[in-house]
Amino acid sequence: MRESMKMPRIRESEVTDETTFLNRREILQLGSTAVMGATLAGCFSADEAEAESTSTSDGRMLRKLDNVKPAPPAFRIQEEHTSESDATSYNNFYEFGTDKKDPSRNAHSLQPEPWSIVVDGEVGKPGLVPLETILARADLEERIYRFRCVETWSMVVPWIGISLGDVLKSFEPTSKARYVSFETLVDRKQMPGQNRHVIDWPYREGLRMDEAMHPLAILAVGMYGKILPNQNGAPIRLIVPWKYGFKSIKSIVRIHFSESQPATSWNDLAADEYGFYANVNPKVAHPRWSQARERKLGEYRKHPTLAFNGYGDQVASLYDGMDLQRYF
Ligand SMILES: Nc1nc2c(c(=O)[nH]1)N[C@H]1C(S)=C(S)[C@@H](COP(=O)(O)O)O[C@H]1N2
Ligand SMILES: [Mo]
């Protein structure tokens with residue numbers, strides 16, 4: 001698990017991606033029995049699934065995407081957008097394979113409708129909540145955000161989504177809820193990459209409640225004016241623009257509220273490389289590469305990476321008094 005600590009330090013120019021670590025780990029694990037997480041989709045009875053597909057077959061979600069409020073200025077980065085084709089064909093979504101091209105090639109097998117999310121833990125209104133119910137609780141808004149992967153590539157994307165805070169409030173978290181965590185679907189038929197134990201599926205991520213309630217954090221259901229493509233995390237994924245991309249978990253089927261800090265996938269894999277907070281920080285190098293600069297998809301030149309990915313004015317106060325070298 002900590003074998004990464006033995007890996008030699010390499011120069012930034014030699015950085016490939018997060019897979020370097022994973023492939024090594026997987027080789028070590030060959031022969032061990034992979035215990036797969038319970039398939040949350042298994043919570044539905046066939047009848048329920050049938051009833052829900054009828055209720056969404058009129059394209060309700062599609063119509064709702066027509067009513068999108070434009071991004072307010074504080075939520076609209078004034079930078080050229082990454083081309084839609086780059087943002088939808090160069091992806092990290094290990095449930096479909098670890099190559100950047102795998103998700104766009106393989107994600108057609110994902111069935112994003114009907115979709116429901118299990119809500120549980122420290123919460124007043126637990127349950128299995130259909131996606132339409134969640135979408136009815138908040139306005140759809142466009143958000144034009146920077147997005148920075150821990151691997152040093154970045155992009156600027158016009159997302160369409162709903163305020164994460166509004167959605168979480170609607171579930172009535174208890175006073176004990178200090179963290180919220182998320183899980184991606186586990187289904188080896190829909191997600192063929194899960195036949196390999198590269199991650200202890202399901203993919204998991206989490207936030208402190210005050211981070212989750214920040215107005216910049218959204219649940220995205222669309223991008224570039226359209227429904228989210230499968231490879232980008234359909235039908236609903238997290239976007240937390242001041243954190244490294246791995247926090248922005250895709251195809252969410254569970255939202256869990258807890259008193260203690262939840263386990264998260266990349267932190268479990270290599271705690272020395274991927275912290276729980278994962279705030280974009282050009283001053284804290286990844287053990288194997290610098291985080292000082294980044295390359296925008298579609299561009300050749302590198303640019304300096306900004307603290308909190310340029311959102312420091314809005315979010316830095318969340319971390320007042322915290323040592324950001326330690327809590328990276
Ligand atoms: N379920 C799941 N969510 C995930 C990932 C993943 O492999 N599985 N990869 C993460 C990483 S490392 C990044 S950089 C972003 C990539 O999002 P994009 O493909 O929309 O650019 O998704 C994040 N969310
Ligand atoms: Mo990433």
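Reply: Happy to. Let's begin with a charge over a ring: K247 lies over the face of F276, 4.2 Å from the ring centre. Please keep in mind that this is a predicted model. F276 is also a member of one aromatic cluster, together with Y179, Y277, F308, Y319 and Y327.

Now for the setting. The protein chain has ten helices and twelve strands. Of its 328 residues, 54% count as buried. If we take the contacts between residues at least 6 apart in sequence, 74% of them join residues at least 24 apart. The accessible surface of the chain comes to about 14,500 Å², and carbon and sulfur atoms account for 51% of that.

Back to the rings. A pair of aromatic rings is described by the distance of the centres and the angle of the planes. A search of the whole structure finds 14 aromatic pairs. One of them is formed by F171 and F257, edge-to-face, with 6.5 Å centre to centre and 75° between the planes. F171 lies in the loop between α7 (164-170) and β5 (179-184), while F257 is in strand β10 (residues 252-258), so this pair ties together parts that are 86 residues apart in sequence.

The F246–Y274 pair links distant parts of the chain, with F246 in the loop between β9 (237-239) and β10 and Y274 in the loop between α9 (265-269) and β11 (293-296), 28 residues apart. F246 counts as buried at 6% relative accessibility, and Y274 is buried with a relative accessible area of 1%.

The loop between β9 and β10 is also the place of W242. At 0% relative accessibility, W242 counts as buried. Which residues does W242 touch, leaving aside those up to four places away in sequence? They are E211, H214, L216, A217, N279, V280, F308, N309, Y311, V315, L318 and Y319. W242 and L306 are 64 residues apart in sequence, with their C-alpha atoms 9.5 Å apart in space.

Finally, a word on empty space. Rolling a probe the size of a water molecule over the atoms shows where empty space is left. The search of the whole structure finds one cavity of 30 Å³ or more, and about 290 Å³ of space lies in the largest cavity. There are 23 residues lining the largest cavity, and N92, F93, Y203, G245 and K250 lie nearest its centre. Strand β4 (residues 153-163) gives the largest share of that lining, three residues.

Key. Residues numbered from 1 in each chain as written. Chains lettered and ligands numbered in written order. Predicted model: local features only at pLDDT ≥ 70, side-chain atom pairs only at ≥ 80, totals over all residues. Heavy atoms only, no water. Helix = DSSP H or I, 4+ residues; strand = E, 2+ residues; numbered from the N terminus. Buried < 20%, exposed > 50% of the residue type's maximum accessible area, 1.4 Å probe, protein only. Contact = heavy atoms within 4.5 Å. Areas by Shrake-Rupley, 256 points an atom, 1.4 Å probe, with all protein chains shown as cover. Phe/Tyr/Trp six-rings, centres within 6.5 Å; stacked < 30°, edge-to-face > 60°. Lys NZ or Arg CZ within 6 Å of the ring centre and 35° of its normal. 1 Å grid on protein atoms, 1.4 Å probe; cavity = no way out; pocket = protein on both sides within 12 Å on 5 of 7 lines; lining within 4 Å. Points joined across faces, edges and corners; volume = space filled by probe spheres on them.
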